Amino acid sequence: MRHRFETLYGAGPGHLAVLLLGVAVAGYAASIVAGDPLWPWMAVWFVAAVVGHDGVLSPLAAAVDAVLRRLPHARPTTVNYLRVPALGAALTFLMFLPGIIRQGEPVVRGQTGLDQGPFLGRWLLLVAAMAAVSALVYGLRRLTRR
Amino acid sequence: MERHRPPLPRFRSPLRGPWLTSVFGAVLLAALPVVIVTGLLSYAAYGPQFGQAIPGDVGVLHLPWFDWPATPSWLYRLTQGLHVGLGLVLVPVVLAKLWSVAPKLFGWPPVRSPAQALERLSLLLLVGGILFEIVTGLLNIQYDYVFGFSFYAAHYVGAWVFLGAFVAHVALKLPHMVRGLRSRSLRRELRTPTAATRPEEPDPSGLVAPEPAAPTISRRGALALVGGGSLLVAVLTAGQTLGGPLRSLAVLLPRGRNSAAADGGPNDFPVNKTFGVTGIEPGAVGATWRLDLTGGGTLVRFDRDSLAAQPQHTATLPIACVEGWSTTQTWTGVRLRDLAALAGVPEPAGAVVRSLENGPFAQATLTSGQVLHPDALLALGVNGAPLSPDHGHPARVVVPALPGVHNTKWVRSIEFRSS
């Protein structure tokens, strides 16, 4: 019986039980907002988060990394002096995007009494600082290795 | 089947493999439960028994009901600071974990059995759940409501969608993680430079690249990169919760280095909702302002001078908001329990505080424990000065461990409930 189940399903009954439980919790949770007229938007954002990561950001990051790797380098690891500040810039840009592009400013001003003016300049300074530190470390390494 | 493989991306990093994925998985397994539980505690702190938590009806998907305590005063500051702060710090780890398992997304054939189809569906809930929580959380702490729906409802439901899939994922993958962690020595990896970095042993999980490229970074380098990303996020965000000199490093968040007063004075600390957007007539908080106390049968009314003539109590308490930021100040005012006695309800079962403003957070219901706490105040001043309009002049509530938004500002009335 069990063997037959595993042949048909592809795994043991515990596998099925655990996953059905997880899906059931998700379905039950989704029913909490079933009466919310904006629930389809929530679902769209849910799927868009996956597509945005797996279909846009990840391939983009891989493509940029491939370009960086193909640049002429003194040694294979030199690419990391570009990679690290680039990843730092991308991470902070994505996480603090609303302030940097001044999205939602009327609400921010109403809530905090401050506008979003300083954020872009601060982020650019941060990116410049990360790039400068990386360049400095690279330069020092080149000097000490000679 | 392999012959029919479409031109899917090929993954060639020599770093991918069960060990690396297990390391990221172990970090998330240790830390995400803290983020989840503190998030659910925040729901409890909002007072769902009074209908003031959102979403209102969550069926069985909540922690056991309990009255949110008023002691210790830093409780909500701690739980919500952890929820937001740890959630932010884990973003690089989540991205690294997803990077490490990327080849599985493009595995061919896409579905081999009903078991695998179901597992992939649950992975959609898992990955969609964590990314949805990160995106909505990040937008909310920056007041960017571009998504249009209720943040509270969506973030709460998204959390349970993730939690169900997370528990299932851990149940199925825990043995793999343990095996993965045991397959290599962390200590040895931390001593291995790029030149000596070799791919992990080929394994049936499909994580190890079949045709690995030459390494450009070591495993310790990759771990340092992810840890450095988390450290960077911590430096940029911890100040909004911890305050002090760290606050000046929170340069990209709304509750970072500046606050609206910007004068270094007693009211120069972060504001949650300025007076200007409340729609309250300036005259309503002037000389004609009155505080109504009800619940004792007869209405008891105070003007600001007679409130200031009551015995005053001073307490240093944090205001801690759902966005994770907090600020600790020294408040002076009349104890809520003294006001309850003045209203004729010396042992209240609770109280409803109403503001002059309108809107969803214009009133808050407090438990008896919150009203009777010796540091629970109707504050008239802060740091030795009268409250500024943005901080709730003429009077605001400050209750230990209460979520910030329920510390009602521009208070109009307090109704003490005897049962």
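B:Gln52 is buried, with a relative accessible area of 14%, where buried means under 20% relative accessible area, exposed over 50% and partly exposed in between (1.4 Å probe, protein chains only). This residue of the predicted model sits in the loop between helix H1 (18-45) and helix H2 (75-89) of chain B; helices (H or I, at least four residues) and strands (E, at least two) are DSSP runs, numbered from the N terminus. Contact means heavy atoms within 4.5 Å. Leaving aside neighbours within four places in sequence, B:Gln52 is in contact with B:Tyr46, B:Gly47, B:Gln363, B:Ala364, B:Thr365 and B:His406.

B:Tyr46 turns up again in the surroundings of B:Val405, which touches B:Tyr46, B:Asn272, B:Cys321 and B:Phe361 when residues up to four places away in sequence are not counted. B:Val405 belongs to the loop between strand E9 (396-398) and E10 of chain B. From B:Val405 to B:Tyr46 there are 359 residues in sequence but 9.1 Å in space, C-alpha to C-alpha.

Residues are numbered from 1 along each chain as its sequence is written, while chains are lettered from A and ligands numbered from 1 in the order in which they are written. Because this is a predicted model, local features need pLDDT of at least 70 and side-chain atom pairs count only at pLDDT 80 or more, whereas totals for chains, interfaces and linings use all residues; side-chain values use heavy atoms, with hydrogens and water left out.

Chain B as a whole contains 11 helices and 10 strands. Its C-alpha atoms fill a box of roughly 85 × 45 × 35 Å, taken along the principal axes. Of the 419 residues in chain B, 53% are buried. Among its contacts between residues at least 6 apart in sequence, 70% join residues at least 24 apart.

Five strands of chain B make an open sheet with mixed pairing, in the order E2-E1-E10-E5-E6; two strands pair if DSSP finds at least two bridges between them. Strand E2 (300-302) and strand E6 (363-367) of chain B are at the edges with a single partner strand each, so one side of each has no neighbour in the sheet. From one strand to the next, the twist averages 15°. Within this sheet, strand E1 (residues 291-294) and strand E10 (residues 411-417) of chain B run parallel and are joined by three bridges. One residue pair to look for is B:Asp292 with its bridge partner in E10(B), B:Ser413. Helix H10 (residues 336-343) of chain B lies across E1, E2, E6 and E10 of chain B, at about 70° to E10(B). Such angles run from 0 to 180 degrees between N-to-C directions, with axes as lines fitted to C-alpha atoms, for helices over the stretch in contact.

Further strand pairing in chain B involves strand E3 (residues 313-320) and strand E4 (residues 326-335), which are antiparallel over eight bridges. They form a hairpin with five residues between them, and B:Gly324 in the turn has a positive phi of about 95°. B:Ala320 has B:Ser326 as its bridge partner in E4(B). E4(B) also runs antiparallel to strand E7 (residues 377-382) of chain B, with five bridges joining them; here B:Trp331 is partnered by B:Val382 in E7(B).

In chain A, helix H7 (residues 117-145) has 29 residues and should span 42 Å at 1.5 Å a residue; the end C-alpha atoms are 44 Å apart, which agrees. The expected span is 1.5 Å times one less than the number of residues. The buried residues of H7(A) are A:Phe119, A:Arg122, A:Trp123, A:Leu126, A:Met130 and A:Ser134. They pack against helix H4 (80-95) and helix H5 (97-100) of chain A together with helix H8 (219-242) of chain B. In helix H6 (residues 105-112) of chain A, the buried residues include A:Glu105, A:Val108 and A:Gly110, and the buried residues of H6(A) pack against H7 of chain A. Just after H6(A), A:Gly113 takes a positive phi of about 80°.

The contact between the chains takes 71 residues from chain B and 59 residues from chain A. About 5,500 Å² is buried between them, with carbon and sulfur atoms giving 78%; buried area is the accessible area (1.4 Å probe) that two parts lose on being put together, summed over both. In chain B, B:Leu118, B:Thr216 and B:Leu252 lose the most area to chain A, together 12% of what that side buries.
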